[in-house]
Amino acid sequence: MRRRSWLPELAAPVLLIALVAVVGSFASAAIALQFRSAIVTAAIVIALYVFVGNSGVLSFGHISFVALGAMAAGLVSVPESLKLSVSPELFGFIASAQVDNWLSLVIAALVGGVFAFLFGIPLMRLSGLSAGIATFAVLEIVHNVLRNWPSIGPGAKTLSLVPETTNLWQAAVAALAVAAIAYAYQRSRSGRMLRASREDPAAARGSGIDIHRQRLVAFTLSGALAGFAGGLLVHLLGSITTEQVYLDLTFTTLAMLIIGGVGSLWGATVGALLISGLNSLLNEAENGIGAVDLPTGTRLVTIGVLMALILLFRPRGITGGREFSFRLPARKGGRA
């Protein structure tokens, strides 16, 4: 039996991200920033998809790994004197650390992956509502530690003067790498076992699948990708606060994944880029565009209504939770 090629299915999200980058390269500086933000957000949503989409377990805690990655990448990119002027209580090894852009992203991925692994050891034994609540507890723990422990970061202050190195093409290449890793994982033996446990946990256990182990692998990989995306985010904005990587971003990224389609990489990519565009448009409208001046909060209300409608009338998302493939149909009596 001939194995299906994975390239036609991976091509769709790759081409969509590349198309957004190409269009953004012709835009003005202000508009190009919105395109870069959309691509970085897509990387965050794809990282979330790696765990949620393959395991079927809803996670409210992945933005904590984005926060850890953003703070780690930001702190190791700022000169020591500038860090100490904002956070004089920093540990010495954090204050003295300074690396280049790409190494800071590697550190962000490592930090996200290590903490996801440590949190995942106990939490991945849970399922359903209890698992979701437990991951929300992770978000609260990380947020409050980052906000109230000045020895490891700026605390409630803004971590500023971070080099703004996430240009349009670095964002696109990084997001494409995240998408490729996500798709390679879901096609791997570990990914297939986790998806089998999502469909029928009892049958998966009966066939010898260690569900805890497979969830932990996905949670760790997803955390590492989220940390990496957090590094991209801080190098995009040039500054970061703990509030920027907390409840608002948690709600928005989950809404993107649900609206696009939780069950596929294509759905995660479509949802992230589509809602990012809508989010930017509504944000501008809240600040006033010509005669249009929407009330503050319209953006989140609109996204919430869209998510509710999708859950009511198309629970599998816009894409139906399926991958989009450029594969040609097979000819009768011959090969495709």
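This is a predicted model: local features need pLDDT of at least 70, side-chain atom pairs count only at pLDDT 80 or more; totals for chains, interfaces and linings use all residues.

I started with the largest pocket, where H2 gives the most to the lining, with 7 residues. I looked up the lining and got 23 residues, with Ser37, Thr41, Leu237, Leu249 and Asn279 lying nearest the centre. Helix H2 (29-55), H11, helix H12 (247-260) and helix H13 (265-287) are the elements that give two or more residues each to that lining.

**Cavities**

How many cavities of 30 Å³ or more does a search of the whole structure find? I got 2. The largest cavity holds about 70 Å³ of space. I went through its lining residues, among them Leu75, Val78, Leu82, Lys83 and Val86, and also Thr158, Leu159, Ser160 and Leu161. H4 gives the most here, with 3 residues.

**Salt bridges**

The search of the whole structure gave me 3 salt bridges. I took them one by one.

Glu243 and Arg147 meet through their side chains at 3.1 Å, N to O. Glu243 sits in the loop between H11 and H12 and Arg147 in helix H7, so this pair ties together parts that are 96 residues apart in sequence. I have Glu243 down as partly exposed, with a relative accessible area of 41%. Arg147 is partly exposed too, at 31%.

Arg299 pairs with Asp248, and I read 3.4 Å between the closest N and O atoms. Arg299 lies in helix H14 and Asp248 in helix H12, so the pair ties together parts 51 residues apart in sequence. Is Arg299 buried or exposed? Its relative accessible area is 16%, and buried means under 20%, so I wrote Arg299 down as buried.

Glu199 is exposed, with a relative accessible area of 56%, whereas Arg198 counts as partly exposed at 26%.

**Aromatics**

I found 6 aromatic pairs in the structure. Phe65 and Phe219 make an edge-to-face pair, 5.6 Å centre to centre with 85° between the planes. Phe65 lies in helix H3 (residues 62-75) and Phe219 in helix H11 (residues 211-237), so the pair ties together parts 154 residues apart in sequence. Both Phe65 and Phe219 are buried.

Phe91 lies in the loop between helix H4 (80-86) and helix H5 (92-96), and Trp149 in the loop between helix H7 (128-148) and helix H8 (168-187), so parts 58 residues apart in sequence are tied together. Phe91 is partly exposed at 32% relative accessible area, and Trp149 is partly exposed at 41%.

One more entry: Phe51, Phe65 and Phe219 form one aromatic cluster.

**Surface**

Last, I went looking for greasy surface. Val301, Val305, Leu306, Leu309, Leu312 and Phe313 form a nonpolar patch, with about 600 Å² of accessible area together. I traced Val301 to helix H14 (residues 298-313). Val301 has 54% relative accessibility, so I have it down as exposed.

Conventions:
Residues are numbered from 1 along each chain as its sequence is written. Side-chain values use heavy atoms; hydrogens and water are left out. Patches are made of residues with over 30% relative accessible area and no salt bridge: like charges are joined within 9 Å, nonpolar side chains (Val, Leu, Ile, Met, Phe, Trp, Tyr) within 5 Å. Accessible areas come from the Shrake-Rupley method with a 1.4 Å probe; for residues, only the protein chains shown count as cover. A salt bridge is a side-chain nitrogen of Lys or Arg within 4 Å of a carboxyl oxygen of Asp or Glu. Helices (H or I, at least four residues) and strands (E, at least two) are DSSP runs, numbered from the N terminus. Buried means under 20% relative accessible area, exposed over 50%, partly exposed in between (1.4 Å probe, protein chains only). Rings of Phe, Tyr and Trp (its six-membered ring) pair if their centres lie within 6.5 Å; planes under 30 degrees apart count as stacked, over 60 as edge-to-face and the rest as tilted. On a 1 Å grid over the protein atoms alone, a cavity is a set of points where a 1.4 Å probe fits but cannot get out, and a pocket is an open set with protein on both sides within 12 Å along at least five of seven lines; lining residues have an atom within 4 Å of a point. Grid points are joined across faces, edges and corners, and a volume is the space filled by probe spheres set on the points.
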